Amino acid sequence: MPSEQTSRTTTSRRLFSETMLALPALVATPSYARNKVLPGIVHLGVGAFHRAHQAAYVDDCLAAGETDWGIVGVSLRSADTRDALTPQDGLYTLAIRSSGAEKLQVIGSIGAMLVAPEDPGAVLAALTDPRTRIVTLTITEKAYLRAAGGGLDTAHPDIVHDLATPELPKTAHGFLAEALARRRAAGTPPFTVLCCDNLPANGATLHRLLVEFAELRDANLGVKGDGGLADHIAHRVAFPSSMVDRIVPATTDVDRTRIAEELGVEDAWPVMTEPFCQWVVEDNFPGGRPAWEKFGVTMVDDVRPFEDMKLRLLNGSHSAIAYLGLLSDHATVDRAFADPAIRQFVDRLWAEAIPTLPADAGLDTSAYTAELAERFSNTALAHRTAQIANDGSQKLPQRIVASALECIEAGSVPEHLTLVIAAWIAACEARGKTLPESHFTDPLDERLTALFGRSLPTEETVAAVFDLAGFAGGSAERQTLVELAAAHLVHLRQGGVTLALAALG
């Protein structure tokens with residue numbers, strides 16, 4: 001996969017194919033001939049999580065001889081990852097860290113890197129290549145461009161652009177639709193679309209959004225009836241759901257320096273992660289797939305129980321730790337989780353969320369939360385609370401709000417769940433005051449700033465935030481959530497986290 005003509009931006013002290021051969025014996029390196037690997041997967045959104053998770057699983061498959069599943073990585077926005085990895089032949093170090101040890105492994109499954117804004121034609125060429133049978137995505141929740149009600153945000157400028165100029169797409173929707181249209185016209189079978197982001201029923205959600213996009217595209221092109229692209233996507237393209245789980249903190253300069261000292265060469269962008277790794281995938285791949293199950297992936301008929309447990313117990317508590325931690329001056333997850341008051345809160349949050357999970361799915365929530373507690377206590381990761389805090393308006397609906405609504409429907413009061421919503425609002429308000437101005441970001445930042453500047457009564461502020469974020473839209477229980485969150489926000493404003501947690505009793 002790596003080109004023999006790959007340009008070098010530094011001396012031989014940089015990690016790449018040749019210098020990899022002289023790495024210390026304890027560093028695991030690809031055992032397969034990378035120049036024999038063929039591309040079979042295009043991945044949209046090559047961030048640290050993908051490189052610590054899906055790319056590592058594919059690396060195992062390549063080592064087992066399944067050499068037609070190499071990855072072509074696509075960045076939809078920034079060139080940073082391409083610029084770091086291309087001089088390294090796509091190689092990078094995965095540092096698997098626990099509180100007492102670190103294991104280094106060089107991953108070789110990414111053979112090419114493309115940057116969509118620079119060359120959308122090259123991305124479309126990779127997507128339409130008949131060898132491409134799977135397209136995976138980790139583009140973060142906000143990149144699915146959903147409106148407050150959950151449908152496609154048809155007013156978003158990038159969606160408007162992609163509908164008007166389908167041959168030069170900017171969004172994941174635009175690239176997928178144009179590639180599927182070209183494959184259909186050429187008689188090439190469609191690829192399978194595998195969403196790996198933290199969306200509820202992520203495969204079905206992306207399927208619905210892409211069909212909606214294709215319907216608008218068909219209408220623009222004057223296509224009507226069952227012969228359009230929307231019908232093709234609706235009935236001929238597979239969108240299996242998946243659940244992914246691995247904690248991947250942002251790489252720091254300290255990490256880069258340490259890894260370089262251990263390797264003896266520089267790695268521009270190593271990835272830090274924990275030993276735990278989980279991937280649960282709905283087994284629906286008409287065009288074939290790697291034998292992931294041989295390397296720890298759980299292939300199932302229904303992902304939903306695993307997805308709900310992860311979103312509500314891991315991701316929900318992560319958000320809680322992030323916002324309460326930020327408001328308590330805890331910079332990392334392990335430090336926040338070591339705070340006795342926050343730890344007690346997380347235990348009670350789990351107790352509140354667990355009854356909302358399906359009782360007949362065989363989920364072992366006791367073992368799962370015990371494992372989470374151990375993972376959150378990992379002092380080696382230094383997972384920043386500010387990193388987790390990003391994009392709360394996109395994350396909280398599936399992590400917190402859904403559980404809170406089900407609690408109310410079941411006759412219980414979601415005190416702890418609604419405190420997480422209030423803590424998110426309080427943390428957003430705190431930026432530029434007790435927190436740095438851009439400590440974390442959210443797609444609603446401009447509108448939230450304008451709202452906070454109006455100095456409304458607390459309950460009106462919370463109700464307006466719910467409207468902006470689409471929290472519990474149309475639900476009869478929405479007002480109850482607003483009132484509970486508003487009461488918590490009053491405590492957070494008056495006495496910070498200490499008063500808010502004490503008020504829970």
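**Chat: salt bridges and helix packing in the model**

Me: What is the relative accessible area of E262?

Reply: It is 34%, so E262 counts as partly exposed. Buried is under 20% relative accessible area, exposed is over 50%, and partly exposed lies in between (1.4 Å probe, protein chains only). This is a predicted model, where local features need pLDDT of at least 70, side-chain atom pairs count only at pLDDT 80 or more, and totals for chains, interfaces and linings use all residues. Residues are numbered from 1 along each chain as its sequence is written, and side-chain values use heavy atoms, leaving out hydrogens and water.

Me: Which side chain meets E262 in a salt bridge?

Reply: R258, at 3.7 Å from N to O. A salt bridge here is a side-chain nitrogen of Lys or Arg within 4 Å of a carboxyl oxygen of Asp or Glu. Helices (H or I, at least four residues) and strands (E, at least two) are DSSP runs, numbered from the N terminus.

Me: R258 itself, buried or exposed?

Reply: R258 is buried, with a relative accessible area of 19%. Salt bridges with shared partners link R258 and E262 with R97, E102 and D255 in one network.

Me: How many salt bridges does the count come to?

Reply: 24 by this rule. One of them joins E178 to R182 at 2.7 Å; E178 is buried at 8%.

Me: Different topic. At what angle do α13 and α17 cross?

Reply: Roughly 120°, with the axes of α13 (340-353) and α17 (415-430) coming within 8 Å. Axes are lines fitted to C-alpha atoms, for helices over the stretch in contact, and angles run from 0 to 180 degrees between N-to-C directions. The pair is therefore oblique: under 35 degrees is roughly parallel, over 145 roughly antiparallel, 65 to 115 roughly perpendicular, and the rest oblique.

Me: Which residues of α13 make the contact?

Reply: F345, R348, L349 and E352, against E415, H416, L417, L419 and V420 of α17. Contact means heavy atoms within 4.5 Å.

Me: And where is D391?

Reply: D391 is in the loop between α15 (385-389) and α16 (392-409). At 6% relative accessibility, D391 is buried. Leaving aside residues up to four places away in sequence, D391 touches K142, T441, D442 and P443.
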